[in-house]
Amino acid sequence: MIRRNQRLRREYLYSKSLEGADRAQFEKKRRIRQALEEGKPIPTELRNEEHELRRQIDLEDQERQANDLFLFCCVWRLGDAVPTNIVDNEYATATIREPKIMLTTSRNPSSPLIQFVKWLPVNLNIMFFAPYCCSFLCQVISEIVEACRSHDITDLILVHEHRGKPDGLIVSHLPHGPTAYFGLLNVVTRHDIKDRKTMGKMSEAYPHLILDNFSTKIGERTATILKHLFPVPKPDSKRIITFANRDDYISFRHHVYEKPGGPKSIDLKEVGPRFELRLYQIKLGTVELSEAKSEFVLRPYINTAKKQRTLGA
Amino acid sequence: MDATAAADKGEAALKLLEYADPSHFLSPSADLVTAARAASQHIYSSLVPLSPAQPPSTLLTDPAFDAEQIWSQIELLARPLLPHLRRQLRRLEQQPPSQPQATLPLPVEKPADSEEEEEEDGQGSELDELKELEETDDEEELSDDEEDEEEEEEELDQRAHKGLEDQFLKIGEMAEFLDKGDEEEYGGGANRGEEKKATKNWMAESDDEGDEDRDEEGDEDLEDFEDDDEDGEGEDGGGIMYKDFFEKSHNRPAKKRDGSTKKVQFKEDTHTMELDGSENDDGNVEEEQGLSTHEKEQLKARAKIEQMEKAALESSAWTMQGEVTASSRPINSALEVDLDFEHNVRPAPVITEEVTASLEDMIKKRIAEGHFDDVEKPSLLPSKAPKEHKELDESKSKKGLAELYEDDYAQKAGIAPAPLAISDELKQQANTLFKRICLKLDALSHFHFAPKPVIEDMSVQANVPALAMEEIAPVAVSDAAMLAPEEVFEGKGDVKEEGELTQAERKRRRANKKRRYAASHKERPAKLQKD
């Protein structure tokens with residue numbers, strides 16, 4: 001079992017390493033195709049490989065393109081043959097299966113934190129909500145991860161706090177998948193909103209998602225990580241969860257909407273906690289691996305830190 | 001007589017001031033004030049005739065006038081008078097010491113040690129006088145004494161140089177000129193011979209400084225006097241001879257007041273003492289005053305440099321020491337210092353109403369468009385072939401069991417074709433389609449002729465003559481599909497029509513027919529009878 005896991009992990013990392021070369025190839029082919037379409041001369045850097053690449057382009061079939069379209073964002077045009085094993089390889093099967101999430105907290109959580117975690121709207125498919133005080137749960141993170149893997153859980157979410165205020169969120173995709181580390185700011189829990197009674201119960205329908213302004217590569221990566229925490233919704237669902245990126249701070253909002261006066265008027269009612277997420281690390285491994293390779297690390301103390309927009313313009 | 005009466009009054013006032021207890025001066029008292037005014041008036045009037053300019057003849061000392069106003073009047077008199085008197089004094093000094101002029105009281109002239117008390121007294125009185133009149137009359141007294149002295153010196157000079165002088169040469173002026181030259185060369189006369197140097201130093205100094213410094217100098221002189229008195233008493237003044245000083249001085253008239261000569265003497269004393277190498281602040285001061293401006297600036301710069309070097313050698317404050325931990329600086333000192341540094345990190349966004357409103361607008365827009373970023377369901381492409389479901393037909397089979405066995409055997413033997421299953425049907429259809437396509441492609445693409453493949457098909461054949469078919473179909477159509485002649489007519493040999501038959505042949509045919517009919521009819525009536 002351990003060896004098997006190690007082998008799988010190595011496979012995963014190997015395929016990740018290959019994708020770099022693959023992506024480069026794809027880019028070259030795309031450029032050649034574009035040049036051919038527009039009638040412009042082929043870029044001089046590609047002159048040597050042009051013959052071989054054109055042969056490959058001609059043999060690429062439409063079916064391959066259509067097959068993989070659903071895996072990626074709408075950024076790709078339909079005419080391109082998209083490489084299959086790019087970064088979001090881990091999420092290839094996620095669209096077929098429904099996500100199973102384990103939510104847990106750091107050691108000895110305070111009651112406000114437990115309240116916060118309880119009302120996180122990810123509890124649609126929560127199989128285990130274990131705020132770390134339950135006796136059955138393991139104490140060590142590696143054991144937790146092992147237990148989750150054996151139960152076929154897709155994602156593990158850890159929430160950290162500081163004196164009652166939640167301040168950290170770790171989202172780990174389980175079969176060797178990537179881990180995203182977020183810092184939480186400006187947290188407003190449901191508790192803080194005084195008129196709780198008017199809010200009523202939280203709707204349990206599968207929500208629609210809005211991911212706004214994730215335009216860079218890392219932004220898209222974060223978008224997929226957050227996206228695959230939720231299952232496929234019904235088209236007429238009235239519940240909306242928004243992740244809006246403003247200046248590298250992702251605002252989380254949870255609304256329920258109604259259309260009282262016909263399709264034009266929309267009445268938004270805010271429900272659920274509200275906070276800002278700040279991504280500071282993405283690792284190519286699960287939470288328990290300390291030496292996992294970093295895909296992205298936030299660098300706030302370099303001189304150009306103010307100008308950097310890592311998640312999207 | 002009025003003048004003498006006034007003079008007497010003045011003298012009396014002076015005497016009163018002189019003998020008053022110093023402690024009385026600390027608190028204002030009316031009679032002291034009147035006495036002071038009277039005294040100053042007396043002195044003023046005595047000096048008026050001597051002044052080269054023409055000042056007002058009396059000093060106005062009404063009670064209405066305050067100290068400032070009286071003083072300004074005195075200054076009016078004193079200002080033009082002082083330089084005049086100084087010149088006279090210098091001339092007097094130049095006189096050879098043989099001139100008998102002043103008759104100073106001996107205790108003052110003698111070396112300090114023996115006559116300390118008297119000197120002290122004299123000095124004390126002089127000091128008192130000085131202090132008393134400081135408010136009103138510092139300079140005036142000094143000038144008074146100087147003036148007297150100079151007067152005498154002038155007389156002496158005139159007597160000595162009458163033979164030499166004429167309208168062009170004035171010994172006094174020559175002496176002045178020479179003095180000035182000396183100053184320029186030697187910078188204040190520190191290197192010259194004792195007596196003359198000393199006196200000249202003093203004189204030069206007094207002359208050099210401008211009018212503005214007069215007052216300062218007067219004060220300085222007074223200070224010097226005070227210091228000097230003590231110094232003069234304490235030290236022996238080695239190398240000073242009686243005749244160096246007092247041959248000149250005992251020419252002066254006895255009526256000279258003690259203070260004046262004393263003053264002169266002490267000044268000279270101090271100078272000689274300085275020259276002997278005694279450290280004297282005043283001497284240093286005077287030496288400094290003799291330095292050029294560049295040297296003065298250099299001294300200042302050097303002092304500043306020393307100060308800065310000293311500061312640099314010391315350890316600096318904690319704020320200037322680079323990385324400082326809490327243990328190396330005083331408690332709470334970081335709170336007092338105004339620390340300011342640039343933050344490179346963008347601060348967390350403050351969620352205001354506008355931000356929330358903008359977010360909600362965006363959300364509403366997206367909802368209206370229906371543009372969500374949900375996880376999309378994948379379009380399922382068949383990865384395996386669909387399973388073949390064998391349909392079980394539950395109706396009773398029409399064929400009997402023997403027939404079923406017969407069919408199986410026929411299949412195995414290959415006589416009858418196998419019964420088609422559902423998938424087989426599809427396959428057959430696919431096969432026929434494919435064969436048709438291949439035939440067409442071959443006909444189009446290959447030059448050599450390949451005949452149409454035999455597709456065994458149960459189909460109705462139209463018995464159309466070949467000619468009609470051949471007209472439409474291409475060459476490739478064979479007439480194998482048409483009916484063969486045996487299929488058209490089955491029979492033997494001589495085939496004759498009705499018209500061609502003979503009688504015998506007709507009869508024969510009829511007979512055959514009857515026979516056949518009779519054979520088949522034998523069976524029939526049996527059946528009919530049964531029914």
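Predicted model: local features only at pLDDT ≥ 70, side-chain atom pairs only at ≥ 80, totals over all residues.
Helices and strands are DSSP runs, numbered from the N terminus. With that numbering, Ser237(A) sits in the loop that joins α7 (217-227) to β7 of chain A.

Ser237(A) counts as buried because its relative accessible area is 5%, and the cut-off for buried is under 20%. Leaving aside residues up to four places away in sequence, Ser237(A) touches Ala205(A), Tyr206(A), Pro207(A), His208(A) and Tyr257(A).

Chain A contains 7 helices and 11 strands. Of its 313 residues, 47% are buried. Among contacts in chain A with a separation of 6 or more, 63% are between residues 24 or more positions apart.

The mean pLDDT of chain A is 80, with 82% of its residues at 70 or more. Over residues 65-87 of chain A, pLDDT stays under 50, and the model has 40 contacts beyond four places in sequence for them. Residues 131-136 of chain A also stay under 50, with 16 such contacts in the model.

The remaining topic is the interface with chain B. Here 43 residues of chain A are in contact with 25 residues of chain B. The size of an interface is often given as the accessible area lost when the parts come together. For chain A and chain B this buried area is about 3200 Å², and carbon and sulfur atoms account for 61% of it.

Which residues form the salt bridge between the two chains? Arg366(B) pairs with Asp212(A), and their closest N and O atoms are 3.8 Å apart. The count of salt bridges between chain A and chain B is 1. Residue pairs in polar contact across the interface number 11, counting pairs in which both residues have pLDDT 80 or more.

On the side of chain A that touches chain B, at least two residues come from each of β5 (179-188), β6 (208-212), β7 (239-246), β8 (249-258), β9 (267-270) and β10 (274-283). By class, that side of chain A has 20 nonpolar, 10 polar and 13 charged residues.

Terms used
Residues numbered from 1 in each chain as written. Chains lettered and ligands numbered in written order. Heavy atoms only, no water. Contact = heavy atoms within 4.5 Å. Buried area = accessible area lost by both parts, 1.4 Å probe. Salt bridge = Lys/Arg side-chain N within 4 Å of Asp/Glu carboxyl O. Polar contact = N/O pair within 3.5 Å; in protein donor to acceptor, adjacent residues only side chain to side chain. Helix = DSSP H or I, 4+ residues; strand = E, 2+ residues; numbered from the N terminus. Nonpolar A, V, L, I, M, F, W, Y, C, P; charged D, E, K, R; others polar. pLDDT = per-residue confidence, 0-100. Buried < 20%, exposed > 50% of the residue type's maximum accessible area, 1.4 Å probe, protein only.
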